[in-house]
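Hi there,

Here is the structure I promised to pass on to you. Have a look at it first, and then read on for what I found.

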Amino acid sequence: MRVFHVKVFEDRIEGTTAVYTSPEFDDVLASASTLIIVAWATNVSGTSPTLTVALEQSPDRVHWIPAEASQISAESIPPSPNVPIGGDPATPGTGFGRLKISLGGTTPATNLTLWATGHDDNPFG
């Protein structure tokens, strides 16, 4: 059953330095049994731009570790704004979650929107 569907990121990213979702989403990103991320990129520029999105988890919002493999791993960013980039499901494991967002390629830039959908895999509740 779906527990939430929320826009967790909407901004322009330029360069290869990682950015993160806002702390206001730390609780919700860790609140589901399964987390699915979908990205929409527009105004893409650079040479061979790619997108990586990875769930990180923390027990205290200070010490962050990768939850598992990246949900979106070095996916090529298409020039068309109507092509979603989907990722592998993630399994949040601790009290708080955030998304680490990175671009790859040469001088990459894009307007990026990320949607997170959480599912409760418990058939009894």
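One thing to keep in mind as you look: this is a predicted model.

Let me begin with the overall picture. The protein has 7 strands and 1 helix, and along the sequence they come in the pattern β-β-α-β-β-β-β-β. Its radius of gyration is 14 Å, close to the 14 Å that the globule rule gives for 125 residues, so the protein is as compact as a globular protein of that length. The C-alpha trace spans about 45 × 30 × 25 Å along its principal axes.

Which strands pair with it? Strand 3 (residues 34-58) does, in the antiparallel sense over 20 bridges; there, glutamate 56 stands opposite arginine 98 of strand 7. Strand 1 (residues 2-14) is also an antiparallel partner, with 11 bridges, and lysine 7 has tryptophan 115 in strand 7 as its bridge partner. Strand 2 (residues 19-20) runs antiparallel to strand 7 as well and is joined to it by 2 bridges, with valine 19 opposite isoleucine 101.

Back to the whole protein: 39% of the 125 residues are buried. Among contacts between residues at least 6 apart in sequence, 79% join residues at least 24 apart. The accessible surface comes to about 6,400 Å², and carbon and sulfur atoms account for 53% of that. Finally, there are 6 positive and 13 negative charges, and their mean positions lie 5 Å apart.

Enjoy exploring!

Best wishes

Note on methods:
Residues are numbered from 1 along each chain as its sequence is written. This is a predicted model: local features need pLDDT of at least 70, side-chain atom pairs count only at pLDDT 80 or more; totals for chains, interfaces and linings use all residues. Side-chain values use heavy atoms; hydrogens and water are left out. Two strands pair if DSSP finds at least two bridges between them. Helices (H or I, at least four residues) and strands (E, at least two) are DSSP runs, numbered from the N terminus. The radius of gyration is taken over C-alpha atoms; the globule rule is 2.2 Å times the number of residues to the power 0.38. Buried means under 20% relative accessible area, exposed over 50%, partly exposed in between (1.4 Å probe, protein chains only). Contact means heavy atoms within 4.5 Å. Accessible areas come from the Shrake-Rupley method with a 1.4 Å probe; for residues, only the protein chains shown count as cover. Lys and Arg count as positive and Asp and Glu as negative; His and the chain ends are not counted. The place of a charge is taken as NZ of Lys, CZ of Arg, CG of Asp or CD of Glu.
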